Amino acid sequence: MSRENAVAKRYAKALFELAQDNNAVADVEKQLKIVVDALTEDAQIRKFLALPNVEVGQKIAIIKGALSDKVSVMVLNTVELLIVRGRQGAIGEVYEAYTKVAGEALGQAHATIYTAKSLTNEEMSKVSAQFGELVGKRIIAKQIVEPALLGGVQVRIGDRLYDGSLSGKLARLEKALKSQAL
């Protein structure tokens with residue numbers, strides 16, 4: 001585990017405990033996503049926050065001004081602390097770590113469902129329900145269309161990949177045939 005990941009986990013756990021005390025775990029997750037999107041998608045903001053000649057107080061004032069009506073004081077204070085300590089680049093990792101901590105505590109897991117073609121909401125619900133039963137958690141899924149899969153689905157939950165794609169089956173078949181040919 002890299003040093004940045006360890007730092008992000010500490011911030012995420014602290015923010016989670018604070019959010020849990022205020023019954024705002026899901027709200028804080030959504031708010032963190034807003035902050036991550038705002039700070040990572042705009043190259044101008046990233047450059048501004050990385051400038052060493054801009055005072056930290058000035059950076060914080062601008063970020064607070066931009067986000068104060070969109071996020072809670074808890075999230076703003078966390079972002080402020082990250083900026084003060086020169087770790088504004090770790091906000092994405094803090095968000096990822098927070099979703100894992102919150103998911104564990106709430107019995108949820110985030111999944112990425114890869115398919116060859118777009119699934120309907122009903123199909124997504126069915127896939128999510130099946131994998132929810134498999135892992136014993138409520139699945140929060142997002143879909144990525146990956147035409148190279150040819151058919152079927154791949155589902156990534158945490159570090160685990162469940163491969164039911166046609167391309168995966170063909171690759172396993174090829175490997176089995178090559179091992180028998182030797």
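Guide: Helices (H or I, at least four residues) and strands (E, at least two) are DSSP runs, numbered from the N terminus. By this reading, Gly-152 sits in the loop between β2 (138–145) and β3 (153–157). The model is a predicted one: local features need pLDDT of at least 70 and side-chain atom pairs count only at pLDDT 80 or more, while totals for chains, interfaces and linings use all residues. Residues are numbered from 1 along each chain as its sequence is written, and side-chain values use heavy atoms, with hydrogens and water left out.

Visitor: Why is Gly-152 called partly exposed?

Guide: The relative accessibility of Gly-152 is 42%. Buried means under 20% relative accessible area, exposed over 50%, and partly exposed in between (1.4 Å probe, protein chains only). Gly-152 therefore counts as partly exposed.

Visitor: Which residues is Gly-152 in contact with, leaving aside its neighbours within four places in sequence?

Guide: Contact means heavy atoms within 4.5 Å. By that rule, Gly-152 is in contact with Tyr-114, Thr-115, Ala-116, Gly-164 and Ser-165. As for Lys-175, 23 residues from Gly-152 along the chain, the C-alpha atoms of the two are separated by 19 Å.

Visitor: What accessibility makes Ala-141 count as partly exposed?

Guide: Ala-141, in strand β2, has a relative accessibility of 31%, so Ala-141 counts as partly exposed. Beyond four places in sequence, Ala-141 touches Ala-111, Ile-113, Met-124 and Ser-128.

Visitor: How many aromatic pairs are there?

Guide: Rings of Phe, Tyr and Trp (its six-membered ring) pair if their centres lie within 6.5 Å; planes under 30 degrees apart count as stacked, over 60 as edge-to-face and the rest as tilted. The count comes to 2 aromatic pairs.

Visitor: What makes the pair of Phe-16 and Tyr-98 edge-to-face?

Guide: The centres of Phe-16 and Tyr-98 are 6.1 Å apart and the planes stand at 65 degrees; planes over 60 degrees apart count as edge-to-face. Phe-16 belongs to helix α1 (residues 3–21) and Tyr-98 to helix α6 (residues 91–106), so the pair ties together parts that are 82 residues apart in sequence. Phe-16 and Tyr-98 are buried.

Visitor: Why is the pair of Phe-131 and Tyr-162 called tilted?

Guide: The ring centres of Phe-131 and Tyr-162 lie 5.3 Å apart with the planes at 55 degrees, so this pair is tilted. The pair joins distant parts of the chain, with Phe-131 in helix α7 (residues 121–135) and Tyr-162 in strand β4 (residues 160–163), 31 residues apart. At 15% relative accessibility, Phe-131 counts as buried.

Visitor: How do you know that α1 is oblique to α6?

Guide: Axes are lines fitted to C-alpha atoms, for helices over the stretch in contact, and angles run from 0 to 180 degrees between N-to-C directions. Angles under 35 degrees count as roughly parallel, over 145 as roughly antiparallel, 65 to 115 as roughly perpendicular and the rest as oblique. The axes of α1 and α6 come within 8 Å and cross at roughly 50 degrees, which makes α1 oblique to α6.

Visitor: Why are α3 and α4 called roughly antiparallel?

Guide: Helix α3 (residues 43–50) and helix α4 (residues 56–67) pack at about 150 degrees, with their axes 10 Å apart. The two helices are therefore roughly antiparallel to each other. Where they meet, α3 brings Ile-45, Phe-48, Leu-49 and Ala-50, and α4 brings Gln-58, Lys-59, Ile-62 and Ile-63.
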